[in-house]
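Student: I have a structure to look at, and I want to know what its labels rest on. Can we go through them together?

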Amino acid sequence: MIFVVTTYYKYKQYFVFFTVLLFGAFGILGFSPYNFWPASIISLTVFLKTILDSTWKKAAWNTFFWGIGFFGSGLQWIYISIDQFSNMCNCINILLIVFLVLYLILFPILFSVLLSLMQSYTTIWYAVSAAPVIWSIVEYIRGYMFTGFPWLQFGYSQIDGPLKGIAPIFGVEGITFTLILISGLLAVSIKRAQLSSLIISFGILLLLSPLTRIQWYHFQPQRAIHVSLVQGNIDQHIKWNSNYVEKILQTYINHTLPLLGKTKIVIWPESAIPGNEIEHNTILTLLDHKCRQFQTNLITGIIGIRYIQNYYHYYNSVIVLGESESYKYPNRNRYDKHHLVLWSEKFPFQRFFKPLLNLFNVPVPFMQEGCYFQPQLSVSCVKMTTAICYEIILGKQIRDNFKSDTDFLLTVANNAWFGRSIGPWQFFQMARMRALELGRPLLCSTNNGITAIVNADGSLQAQLPQFISAVLSDKVIPTTGLTPYAKFGSGFFLGIIIYIFLIFKCKNYI
């Protein structure tokens, strides 16, 4: 009899592990390209239900399997870029992804352990109320530790959902906070069969939905400007091959020449010109002269370069051509990427590990960081807060560089690294959130998609299909006005979280 009972509980626990793993993977359906926003609430509800009234050890194990399902399915696209475009063996490629997923799982495990320990000396209602506070603090740490990897924050899944109206007030973190609160209440209603918590959770959803109708910005139709985004669709395998430089440049030039005089701003994506400014000084000078003749500005990604203290320093840069004054290297109207990506643009303790990297034939990144605070790009009488690729997911950095006179947000990227995966769609979803948070149109220029123009409310204005060489042209209307998030950032929200957390701590000791 004891053997039967033991076997039953053993297989029951395996079933629980398998269930939470499936619901972890199910949560990815809330993100692009699936865009089924209720999936986030369902996944989080199951996740929180397995934690409530559990020991901290059991909660940690349940979270481990939920995290494998969530991060494993949501970040599988990273393997594509490592496998297809690196010279490392498959074993190392797989190990890198495994280590990344295991690292990210540590954060929800920390959350579940803290929540379980809190339940041991308080009621389930206090625990559920504190859950969004603890989650927000843990997510904040994840966004900054080891340069930060705030990918797959649940708030992004609501860019087309009823909670999107929170973003202009508290940012994406505010949406995530609300999702955890609603999911916690639903978990209690299932576990305790209580109708009251179910009603409260739906009440919160209904009460916050009207926020989507508030327009925090004002259009300036008299300043509407015609913009063209060129999508070159250059194969990543040939992009940095010197034998294809002329062909790549010709692709972009052939798309651009018919636009001169018809559009005010032409935008090429990240590192559209494969090489540095010194190497391509002649072509840049010719392009600058041609653009100025037709009163058109060209924004392009390129490798910036500076000669400092007997060394060349390289930057992932965006420059502007066709201004009133002739282009002269290095021009001042530029942006240098600040937040470089580990392993692809920089390597920690690079000099120390260089012999080891050479042994395993790992290419050593060489980029230098641009300043955290940088002037806006000033182009054709409009000002743009700029970000290159990965930076657009860093809400704080974008907000810190945002100004009250910003007209547009601009991001340029090269998503060819990610093939035909869900990676570019997740990236675009997060980019759209920046437009919603700050109340400004977003120009998103990429090599092979997703190239698009996003309205100031995060909705889509125009978009090119992926994997074609084409031009997206449209009129974009600048906006003015400041959202609460643009004024106060996430600091105000974090202050509220800390305040609530302290109240809970004090009540527990009274």
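**Cavities and salt bridges**

Tutor: Start with the second largest cavity, which is lined by Tyr 335, Gln 374, Pro 375, Gln 376, Leu 377, Met 384, Thr 385, Thr 386 and Asn 401. The model is predicted: local features need pLDDT of at least 70, side-chain atom pairs count only at pLDDT 80 or more, and totals for chains, interfaces and linings use all residues. Residues are numbered from 1 along each chain as its sequence is written, and side-chain values use heavy atoms, with hydrogens and water left out.

Student: What makes a space a cavity, and what makes a residue part of its lining?

Tutor: On a 1 Å grid over the protein atoms alone, a cavity is a set of points where a 1.4 Å probe fits but cannot get out; lining residues have an atom within 4 Å of a point. The second largest cavity has a volume of about 50 Å³, a volume being the space filled by probe spheres set on the points.

Student: How do the residues of this lining divide into nonpolar, polar and charged?

Tutor: They divide into 4 nonpolar, 5 polar and no charged. Ala, Val, Leu, Ile, Met, Phe, Trp, Tyr, Cys and Pro count as nonpolar, Asp, Glu, Lys and Arg as charged, and the others, Gly among them, as polar.

Student: Which strand gives the most to that lining?

Tutor: Strand β8 does, with 3 residues. Strands (E, at least two residues) and helices (H or I, at least four) are DSSP runs, numbered from the N terminus.

Student: Why is the pair Asp 407 and Arg 223 called a salt bridge?

Tutor: The rule asks for a side-chain nitrogen of Lys or Arg within 4 Å of a carboxyl oxygen of Asp or Glu. In this pair the closest N and O atoms are 2.7 Å apart, so the pair meets the rule. The partners are 184 residues apart.

Student: Why is Asp 407 called buried?

Tutor: Buried means under 20% relative accessible area, exposed over 50%, partly exposed in between (1.4 Å probe, protein chains only). Asp 407 is at 5%, so Asp 407 counts as buried. Arg 223 has 27%, so Arg 223 is partly exposed.

Student: How do you know that Arg 434 and Glu 437 are about one helical turn apart?

Tutor: They are 3 residues apart in helix α14 (residues 423-438), which means a separation of about one helical turn. Arg 434 is buried at 1%, and Glu 437 is buried at 1%.

Notes:
1 Å grid on protein atoms, 1.4 Å probe; cavity = no way out; pocket = protein on both sides within 12 Å on 5 of 7 lines; lining within 4 Å.
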